[in-house]
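Open the model in your viewer and keep the selection tool at hand. We will go from stop to stop, picking residues and looking at what surrounds them.

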Amino acid sequence: MQTQVLIEPQELASLLGARPVVLIDTRPAEDYARSHLPGAVHVPEIFTHFALSSREGQADLQAVFSERFGAAGLSGEELAVVYEDAMDSGFGRSCRGYVLLKHLGYPRAAVLHGGKKAWDAAGLPTTTDVPSPARTTFPLRVDPSILVTTSDVHAALSDPTIVKLDVREHDEWMGITASPQDVVPCPRKGRIPGAVWIDWRRMMAQTGESTRIRPREEVRAICRQVGIHEGSTILVYCLGGVRASNTYIALKEAGFEHVKVYLASWFEWSRDPALPIEDGTPDPARMAAGD
């Protein structure tokens with residue numbers, strides 16, 4: 001039975017020791033070494049592994065994460081809780097972990113709301129001890145309802161009722177850069193034709209010492225500004241499906257039912273010269289307010 005997606009620090013602390021929980025830390029190695037939640041397993045590939053939507057790319061995705069999640073001790077009986085440092089500074093990598101787990105069919109997964117910063121702000125314990133979980137067989141049962149491929153997105157270009165939602169930064173959306181600070185090389189700059197834009201950070205707000213997903217009505221109000229409504233079918237993309245996964249969770253928590261993630265995103269789309277792109281200033285009707 002699936003639990004809630006976002007779990008608060010005190011709630012998570014009360015579960016530890018009371019039921020089987022596997023904590024998954026997605027942060028850089030140096031941050032994990034400095035301190036982490038007690039018992040947390042380090043799985044940085046959640047952020048660094050770019051997944052292509054080809055058959056070979058999906059087979060590789062399944063192989064890599066079945067091995068890593070199995071090595072972390074996920075057998076299907078445990079609640080997997082993924083976290084990052086802060087939900088607005090790690091590009092949403094914990095949310096990508098959740099999307100990967102659900103796509104691979106894992107039955108119990110959640111995201112630590114507010115990340116480790118929220119855990120620290122609550123005065124909860126951390127450690128430098130590195131656990132040695134018992135390796136198990138990850139229960140791979142791919143759920144095709146969460147992700148879309150490049151072919152799916154290409155087919156949706158001719159359907160104006162399907163929202164193509166770009167959640168990258170402004171310079172990426174405009175085609176000025178290919179990725180944040182151009183760190184990840186992409187052969188072309190721009191966006192998917194007909195896409196609407198909401199910077200992924202707008203779905204979050206500072207709450208106390210940490211950043212959390214905005215309440216339902218605030219997320220819905222932001223979406224209405226670009227013509228997204230409760231019944232909309234939404235395909236979310238970014239560079240590699242990380243920020244898109246953060247937005248996916250925000251949308252699902254706000255009650256949008258028909259949402260899917262284009263995990264390969266601009267990393268794959270930009271590599272096929274046969275696929276159309278746009279850049280520059282778009283139709284004002286498709287612009288998000290406050291760009």
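Start by selecting Phe65, Phe69, Tyr106 and Phe138: ring pairs join these residues into a cluster. Here, rings of Phe, Tyr and Trp (its six-membered ring) pair if their centres lie within 6.5 Å; planes under 30 degrees apart are stacked, over 60 edge-to-face, and the rest tilted. The structure has 8 aromatic pairs.

Before moving on, note that this is a predicted model: local features need pLDDT of at least 70, side-chain atom pairs count only at pLDDT 80 or more, and totals for chains, interfaces and linings use all residues. Residues are numbered from 1 along each chain as its sequence is written, and side-chain values use heavy atoms, leaving out hydrogens and water.

Next, select Phe47 and Phe91. Their ring centres are 6.3 Å apart with planes at 20°, so this pair is stacked. Phe47 sits in helix H3 and Phe91 in the loop between E4 and H5, so the pair ties together parts 44 residues apart in sequence. (Helices are DSSP runs of H or I with at least four residues, strands are E runs of at least two, and both are numbered from the N terminus.)

For a contrasting geometry, pick Tyr262 and Trp269. With centres 6.4 Å apart and planes at 80°, the pair is edge-to-face. Tyr262 is buried at 1% relative accessibility, and Trp269 is buried at 0%. Buried means under 20% relative accessible area, exposed over 50%, and partly exposed in between (1.4 Å probe, protein chains only).

Now colour helix H5, residues 93-103. How many of its residues are buried? The count is 11 of the 11, so the helix is largely enclosed by the rest of the structure. Its buried residues pack against several elements, including helix H10 (242-253) and strand E11 (258-261).

H4 and H5 pack at about 105°, with axes 11 Å apart; the axes are lines fitted to C-alpha atoms over the stretch in contact, and angles run from 0 to 180 degrees between N-to-C directions. The two helices are therefore roughly perpendicular (65 to 115 degrees; under 35 is roughly parallel, over 145 roughly antiparallel, the rest oblique). Show Gln58, Leu61, Phe65 and Phe69 of H4 where they meet Leu100, Leu101 and His103 of H5, with contact meaning heavy atoms within 4.5 Å.

Last stop: cysteines. The whole structure has 0 disulfides, that is, pairs of cysteine sulfur atoms within 2.5 Å. For Cys186, the nearest cysteine sulfur, that of Cys238, is 11 Å away.
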